[in-house]
Number of protein chains: 6
Amino acid sequence: MKAGKRNKTITASVNRSGTAKSAKRTPASAAVRAAPPDTATAGPDDKPVTALDLPQAPLSPAMAAYFAKCEEKLGFVPNVLTAYAFDMPKLEAFAAMYNDLMLAPSGLSKLEREMIAVAVSSVNQCYYCLVAHGAAVRQLSGDPKLGEQMVMNYRAARLSKRQRAMLDFATRLTAEPWTVEEEHREMLRKAGFSARDIWDIAAVAAFFNMSNRIASATDMRPNEIYHSQAR
Amino acid sequence: MKAGKRNKTITASVNRSGTAKSAKRTPASAAVRAAPPDTATAGPDDKPVTALDLPQAPLSPAMAAYFAKCEEKLGFVPNVLTAYAFDMPKLEAFAAMYNDLMLAPSGLSKLEREMIAVAVSSVNQCYYCLVAHGAAVRQLSGDPKLGEQMVMNYRAARLSKRQRAMLDFATRLTAEPWTVEEEHREMLRKAGFSARDIWDIAAVAAFFNMSNRIASATDMRPNEIYHSQAR
Amino acid sequence: MKAGKRNKTITASVNRSGTAKSAKRTPASAAVRAAPPDTATAGPDDKPVTALDLPQAPLSPAMAAYFAKCEEKLGFVPNVLTAYAFDMPKLEAFAAMYNDLMLAPSGLSKLEREMIAVAVSSVNQCYYCLVAHGAAVRQLSGDPKLGEQMVMNYRAARLSKRQRAMLDFATRLTAEPWTVEEEHREMLRKAGFSARDIWDIAAVAAFFNMSNRIASATDMRPNEIYHSQAR
Amino acid sequence: MKAGKRNKTITASVNRSGTAKSAKRTPASAAVRAAPPDTATAGPDDKPVTALDLPQAPLSPAMAAYFAKCEEKLGFVPNVLTAYAFDMPKLEAFAAMYNDLMLAPSGLSKLEREMIAVAVSSVNQCYYCLVAHGAAVRQLSGDPKLGEQMVMNYRAARLSKRQRAMLDFATRLTAEPWTVEEEHREMLRKAGFSARDIWDIAAVAAFFNMSNRIASATDMRPNEIYHSQAR
Amino acid sequence: MKAGKRNKTITASVNRSGTAKSAKRTPASAAVRAAPPDTATAGPDDKPVTALDLPQAPLSPAMAAYFAKCEEKLGFVPNVLTAYAFDMPKLEAFAAMYNDLMLAPSGLSKLEREMIAVAVSSVNQCYYCLVAHGAAVRQLSGDPKLGEQMVMNYRAARLSKRQRAMLDFATRLTAEPWTVEEEHREMLRKAGFSARDIWDIAAVAAFFNMSNRIASATDMRPNEIYHSQAR
Amino acid sequence: MKAGKRNKTITASVNRSGTAKSAKRTPASAAVRAAPPDTATAGPDDKPVTALDLPQAPLSPAMAAYFAKCEEKLGFVPNVLTAYAFDMPKLEAFAAMYNDLMLAPSGLSKLEREMIAVAVSSVNQCYYCLVAHGAAVRQLSGDPKLGEQMVMNYRAARLSKRQRAMLDFATRLTAEPWTVEEEHREMLRKAGFSARDIWDIAAVAAFFNMSNRIASATDMRPNEIYHSQAR
C-alpha cells in the first residue's frame with residue numbers, strides 16, 4: 001500500500017482554518033460569561049489523550065511524515081493518532097484503513113462517509129468521534145446544523161431518500177447487526193446504491209463501530225479545537 | 001400564580017448576544033465551504049415550526065407581553081412557545097411550569113438545571129431540546145465543550161461528584177424510571193442534595209421527558225440561531 | 001387562566017362514589033381472608049405520601065378552594081396534589097396543566113385521555129399513576145376490565161382501530177420517542193384524528209411521562225381508596 | 001404420579017366465593033356508569049377462549065373429575081384448562097406440573113408462589129396470567145393492593161427482605177436469564193432460602209415464563225369473573 | 001397419561017452413536033493440541049450437574065425404567081433428568097411434558113421442534129439447552145452446520161419460508177411475548193401452518209423458555225458427550 | 001509495514017489439520033443420518049461468499065503470496081479474505097490490522113484474543129465470526145467445549161478471574177460502549193492487566209465489532225470446513 005500517496009488527502013476531512021477559528025473568542029466576550037462550571041479537574045479537557053499510560057514510541061519515517069503533514073494542513077495532530085502512536089504497526093494499520101475508507105474514491109461522497117461516521121457514533125454515544133467527525137460534517141457540508149443533526153438524531157435532518165436509506169442501514173448495522181438481511185440491502189439498492197456502495201456504507205459504519213469502542217475504552221479525548229470549527 | 005413576575009427572568013436561560021453571534025459568519029468564509037448537502041428540502045430548517053397545521057391563536061395579554069419580552073431580550077421567540085401558541089391555556093400552563101422549574105430559586109443552579117435538561121434530552125434523542133438547551137449550557141457555563149458533552153455523553157464530562165450524581169439520577173429516571181428506589185435517592189443525599197433538591201432534580205428531568213416527547217411527536221424545529229450561540 | 005372555572009370539572013376524572021365503595025367489604029368477608037403477607041412495614045401503604053420530607057406549605061386561596069372541592073366531590077385529596085403542596089407555584093402549575101389536558105374540551109373523550117394515561121404509565125411501570133388513573137378508566141368506561149387491560153397490556157383489549165392507533169402512538173412516543181416520524185402521525189390521520197387531536201394525544205402521553213417520573217423519583221403512594229373503586 | 005390426589009388441593013389457589021362476588025354489581029350501580037367504550041367487538045371478553053380454533057376433545061376420566069372439581073369449588077373452569085382441553089396428554093401434563101409447582105409442599109408459601117407468578121407475568125405483560133394470578137394474590141393475602149403492586153411494579157410493594165430477594169431473582173431470571181450466576185443464588189441464600197427453595201423459586205418463575213407465552217401466542221382470555229374477585 | 005409408552009420414543013432426540021463418536025479423538029491428535037486454557041477448575045465441566053446441592057431421591061419404578069432406557073439407547077442419562085431427580089413428582093411432570101411436546105405426533109417434524117428449541121435457547125443464551133439440543137439438530141438433520149446456525153443466528157440459515165416463519169414466531173414469542181398478536185398468527189397460517197401447528201410451535205417455544213430458565217438459574221451443566229456428537 | 005513478515009504467523013490461528021478432519025465422515029455414517037432439512041437452497045452453504053456481487057480483483061504480489069501461504073498452511077483461503085479481494089488496498093489494510101491484533105506479541109495469549117473474538121461475536125450474533133473463531137478457540141485451547149461456551153454464553157465457562165474480567169470488559173464494550181469508564185479499566189488492572197494489555201483487550205474487541213458488522217452486512221459465509229475442525 002502506498003501510504004505516502006494517501007497521506008496527501010487526509011486533510012480534506014478536517015478544518016483547514018481551525019487555528020484561525022480558535023482565536024475568534026475575544027477576552028471581552030469571555031468576560032461576560034458566567035463562572036466556569038463545578039468541574040472536578042482544572043486542566044485542559046484533552047490532556048492526557050487517553051486514560052492509559054502508554055508512552056509514545058519513536059515515529060517511523062512514514063508516520064513522522066504523516067504527523068508533519070497533519071500539523072501543516074490542520075494545525076494539529078488529531079488525538080486518535082497520538083493515542084495510537086505508542087506502537088508503530090498499530091498506528092500504521094489504523095491510518096491505512098482510515099485513509100482508505102474515508103478518503104479513497106467511492107460512490108459515497110466524503111461528506112456522506114462523515115455523515116455515517118457521526119450517525120454511527122451517535123448510536124454508540126462516542127464523545128471523541130462525535131466531536132471530531134461532527135466538525136468534519138459541518139465543514140464538508142457548509143451546514144453547521146447538519147453536523148448537529150447527525151450528532152443528535154439523524155431522523156431530524158431533512159435528507160434525501162438516498163441519504164436517509166444510507167443512514168438507516170448504517171444505524172441498524174450498528175445497533176442490531178444480527179437483524180441485517182437481504183431486505184435491508186435491497187432497500188439500499190432501491191435507493192440507487194451499487195454493490196460496491198453497499199460495501200462502502202457497511203465498511204464505514206463498521207469502522208466507526210471499532211473506533212467508537214477504542215475511544216470509549218480508553219477515554220480518548222478529542223482535540224479541543226474541534227469544538228469551535230465550522231460553526 | 002403571578003405569571004407576570006416570573007416572565008421577567010426567563011431570558012436568563014438564553015443567549016443575550018444571539019443576534020450579534022448570528023452575524024459572525026462572513027460571506028468570505030461561507031464562500032470556501034463545500035456545496036450544500038443533498039437535502040430533500042430547500043427551505044429553512046425551522047419552518048414550519050411543527051408538522052401539525054395548527055394556526056396561532058390571538059395572544060392573551062400576558063402571553064403577548066411574554067413574547068415581546070422574548071423579542072426584546074433574546075431577539076426571537078423560542079419556537080416551542082410558537083408551537084404552543086395555538087391555544088392560550090396550553091401556552092400559559094407550559095410557560096408557567098417551565099419558568100418555575102428553570103428560573104425560580106432552587107438549590108440547583110440554573111446551569112445545573114440546564115445540564116439535566118440536556119442529559120435527559122440526549123437519552124431521548126430530542127433534536128429540539130438538545131439544540132435549544134445545549135446552547136443554554138454553553139452560555140451559562142462559558143464552556144462550549146460542556147454543552148457538547150451533555151449532548152453527546154455526559155459521562156465524558158469531567159464533573160464534580162455532586163453533578164455526576166445528579167445526572168446519574170436524572171438519566172436513570174429517564175431511561176428506566178421503574179427502577180428508581182430509595183438507594184438512588186440516598187446517593188443524591190450522600191452527594192449533598194436536600195429533599196427539596198431531589199424534588200427539583202426529579203422535576204426538571206421529568207419536565208424534559210415531557211417536552212422531549214411533545215417535540216418529537218410534532219417534529220418541532222429549533223430556531224436556527226441556537227446553533228451558533230456561545231460557541 | 002381561570003383556574004377556578006376549571007376546578008369545577010376535575011371531579012369528572014375520579015369516582016364520585018368512592019367513599020361508599022370503600023365500605024363495601026364487610027367484617028365477615030374480611031374474616032375469611034388469609035393472614036396478611038410478610039410485609040416489611042405495618043403502617044398504611046400511602047403514608048407518608050412520598051419518600052421526601054417536604055412539609056406542606058400554607059395553601060394559597062385558589063389551592064385551598066381546589067382541595068376543598070376535591071374533598072367535597074371525591075371524598076379525598078389525591079395524593080399527587082398533597083405531594084406538590086410543599087410549594088404553591090409548583091402545585092398551581094401542575095394543577096393548571098393537568099386540568100387543561102385531562103378535562104378541557106378536546107377531540108379525545110375524557111375516557112380516551114385516561115386510557116392514554118394508563119397505557120403510558122404501564123410502559124413506565126408507575127405504581128401511582130396506574131392505580132389512580134386505572135380507577136378513572138374503570139369508572140369512565142363502566143368496564144372494569146378495560147382498566148385492567150390498560151394496566152396490563154393494552155394490546156389485549158378489543159379496541160376500535162381509532163383507539164388502537166391512539167395507544168400505539170402514545171406508547172411508541174413513550175418508549176422510543178426518537179423514532180416518531182411523519183409515518184406515525186400519518187397513521188393517526190388515517191384513523192381519523194385531526195392535527196389538534198394529534199397534539200392532544202402527544203400532550204397527554206408526554207404529561208404522563210412527566211408525572212410517572214415525579215412519582216417514581218419520590219415513591220409517591222396512591223390513596224388506598226383507588227384500589228376498590230369501580231370494580 | 002397420583003393426579004387424583006393432587007386435584008384435591010388446586011382450588012386453594014382461586015377464589016372460593018367467586019360466584020357470590022360476581023353478583024355484587026347491581027343494575028342500579030351499573031346505570032350511573034358512563035357509556036361503554038368504543039370497543040371493536042360486542043361480545044364477552046373471554047369468548048372464544050383462544051384465537052386458535054381447536055375443538056375440545058372428550059375429557060379423560062381424570063380430567064373430567066378435575067373439571068368437575070373446579071366447577072364445584074370455584075364455580076367455573078379456568079380458561080387455561082379449557083384451552084388445553086383439545087388434547088388430553090397436553091392437558092394432563094400441564095395440570096400435573098401446575099399442581100405440583102403451585103400446591104405441593106414447599107418452603108415457599110402458596111402466596112409467595114403466586115407473587116412470583118404475577119411479578120414474572122408483569123415482566124412479560126401477560127394479560128391472562130396477570131388477571132388470574134393477580135386475583136390469587138389478592139385472595140391469598142387478603143390485601144387487594146398487594147395484587148395490584150405485583151401487577152404494576154413489585155418494587156413499589158413494601159416487602160420483607162426475603163420476599164424482595166425472591167422477586168428480584170425471579171424477575172432477573174425472566175428478563176435476562178443469561179446473566180444469572182452464583183452471586184444471585186448467593187443473595188437468595190443470604191435471604192434465608194435453602195437449595196430446595198431456590199429450585200422452587202426458579203421453577204415457578206420458569207413455569208410462568210412458559211405459561212405467559214402460551215397465553216400470549218394464542219390470545220388466551222381470562223375468565224371475566226377474576227376481575228372482581230377479592231377486591 | 002401412559003408415560004411408559006411415551007418413553008419408548010425419547011431416544012429419537014439424541015444421538016444413537018454418541019458413545020462411538022466420543023472415541024473418535026485419538027491420543028495422537030490430542031497430543032498436538034495446545035495446553036489447556038487458564039481455567040479456574042480442574043474437574044470435569046459437568047460435575048456437579050447443578051449449583052444446587054439437592055441429593056437424588058430414590059427413583060420411582062417408572063423413572064427407574066426411564067433412566068435405564070436412556071442408558072441403553074443413549075449411553076447416558078441426560079443431566080436435566082438427573083437434575084430433576086431430587087423429587088419424583090417434579091421429574092415425572094417434566095418428563096411427561098417434554099416427551100409429549102418433542103416426541104408425540106405433530107404437524108411439526110421432530111427436527112423442526114428441535115430447531116425451535118435451539119433458536120429459543122439462543123435468544124436466552126442457555127448453555128445447557130444449546131449444547132443438548134444443538135446436538136439433536138445436528139443429528140436429526142444430518143447437517144452439522146444447521147445446528148450451528150440455530151445456535152448462532154437462525155437468520156443465517158438458508159431455510160424454507162415455512163421454517164423461517166416458524167422461527168420468527170418462536171423467537172418473537174421468546175424475546176417480546178407481549179407483542180404477539182393476530183398478525184403473527186396470520187403469518188404462520190400463510191406459511192401453511194394449521195391451528196394445531198401454531199399451538200405446537202408456541203408450546204415448544206414456551207417450554208424452552210421454561211427449561212432455559214431452570215438451567216440458567218441452577219447452572220445446569222450438559223453432559224460433555226453432546227459436544228462431539230454428530231459433528 | 002512489512003506485511004510479508006507478518007504473513008508467516010497468520011496460520012497459527014487456524015487448524016493445521018483441517019483437510020484431514022474434513023474427510024473423517026465416512027459414507028457409511030452419512031447413510032444412517034436423517035434426510036436433509038427443508039432448506040430453501042440446494043447449493044453449498046458458503047457460495048457465494050457474500051451477497052454482494054463484487055468480482056475479485058487481481059491479487060497484488062503481497063496478497064498473492066498471502067493467499068498462497070493460507071492454502072499451504074490451512075488448506076484453504078478464509079472467506080473473509082476472498083470477500084475483501086475485490087479491492088487490494090482494502091484487503092491489505094484489513095490483513096495488516098488483523099495480523100497485528102491477533103498474532104503480534106501481546107500480554108494476551110493468542111487463545112485469549114480468540115476468546116475475546118468469539119465472546120464479542122456472540123453479543124453481535126455474527127455467524128461468520130462465530131464459526132471461524134470458534135474453531136480457533138477449540139484448536140488453540142485443545143478444549144472443544146471452551147469454543148462452544150464462548151459462542152453460547154461465556155458466563156457458563158469456568159474461567160480464571162483474569163479471563164472472566166477480560167471478557168466482562170470486552171462484552172460491555174461491545175453491548176454498551178458508552179458506559180465504559182474508569183471503574184471498568186480499574187477492574188482489569190486489579191485482574192493483573194497492564195495499560196498495554198487493556199489497549200489490546202479493547203482493540204481486539206473493537207476489531208471484531210467491525211468485522212462482525214462487515215460480515216452481517218454482506219451475509220458473509222464461513223468456509224464450511226470450520227464446522228468440523230478441532231471437535
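This is a short talk through one predicted model, from a single chain to the way its copies meet.

Hello everyone, and a word on conventions before we look around. Residues are numbered from 1 along each chain as its sequence is written, and chains are lettered from A and ligands numbered from 1 in the order in which they are written. Since the model is predicted, local features need pLDDT of at least 70 and side-chain atom pairs count only at pLDDT 80 or more, while totals for chains, interfaces and linings use all residues; side-chain values use heavy atoms, with hydrogens and water left out.

Let's begin with chain A. It has 12 helices and 0 strands, where helices (H or I, at least four residues) and strands (E, at least two) are DSSP runs numbered from the N terminus. Of the 231 residues in chain A, 64% are buried. Buried here means under 20% relative accessible area, exposed means over 50%, and partly exposed is in between, with a 1.4 Å probe and protein chains only. The accessible surface of chain A is about 7,900 Å², and carbon and sulfur atoms hold 57% of that; these areas come from the Shrake-Rupley method with a 1.4 Å probe, and for residues only the protein chains shown count as cover. As for contacts (heavy atoms within 4.5 Å), take those in chain A with a separation of 6 or more: residues 24 or more positions apart account for 73% of them.

Please find A:Ile198 in helix α12 (residues 195-218) of chain A. Is A:Ile198 buried or exposed? At 0% relative accessibility, A:Ile198 counts as buried. Leaving aside residues up to four places away in sequence, A:Ile198 touches A:Arg185, A:Leu188, A:Arg189, A:Phe193 and F:Leu52.

Now to the aromatic rings. A pair of aromatic rings is described by the distance of the centres and the angle of the planes. Rings of Phe, Tyr and Trp (its six-membered ring) pair if their centres lie within 6.5 Å; planes under 30 degrees apart are stacked, over 60 edge-to-face, and the rest tilted. How many aromatic pairs does the structure hold over all chains? There are 49. In one of them, the rings of E:Phe94 and E:Phe207 have centres 5.6 Å apart and planes at 35°, so this pair is tilted. The pair links distant parts of the chain, with E:Phe94 in helix α6 (residues 88-103) and E:Phe207 in helix α12 (residues 195-218) of chain E, 113 residues apart. E:Phe94 is buried at a relative accessible area of 4%, and E:Phe207 is buried at 1%.

Over in chain F, the rings of F:Phe76 and F:Tyr226 have centres 5.3 Å apart and planes at 90°, so that pair is edge-to-face. F:Phe76 sits in the loop between α4 (61-74) and α5 (79-84), F:Tyr226 in the segment after α12 (195-218), and 150 residues separate them. Both F:Phe76 and F:Tyr226 are buried. Ring pairs also build a cluster from A:Tyr84, A:Phe86, A:Phe94, A:Tyr98, A:Phe207, A:Phe208 and F:Trp199.

On α4 of chain E (residues 61-74), the buried residues are E:Met63, E:Tyr66, E:Phe67, E:Cys70 and E:Leu74. They cover an arc of only 95° around the axis, which puts them on the same side of α4(E); the arc is that of the directions from the helix axis to the C-beta atoms. The face turned away from that buried side carries the exposed residues E:Pro61 and E:Glu72. Just after α4(E), E:Gly75 has a positive phi of about 90°.

Helix α9 of chain F (residues 144-152) has 9 of its 9 residues buried, so it is largely enclosed by the rest of the structure. Those residues pack against α8 (127-141) and α9 (144-152) of chain E, together with α7 (110-123), α8 (127-141) and α10 (161-175) of chain F.

A backbone detail: a cis peptide bond joins E:Lys47 and E:Pro48, with omega about -5°. E:Pro48 is in the loop between α3 (27-31) and α4 of chain E.

Finally, the copies. Chain B can be laid on chain C with an RMSD of 0.0 Å by a turn of 180° and a shift of 0.0 Å along the axis, superposed by least squares on the C-alpha atoms of residues with pLDDT of at least 70 in both. That is the relation of a two-fold axis. Which residue of chain B comes closest to the rotation axis? B:Met210 does, with its C-alpha at 2.6 Å. The same surface serves both copies, as 100% of the contact residues of chain B recur in chain C.
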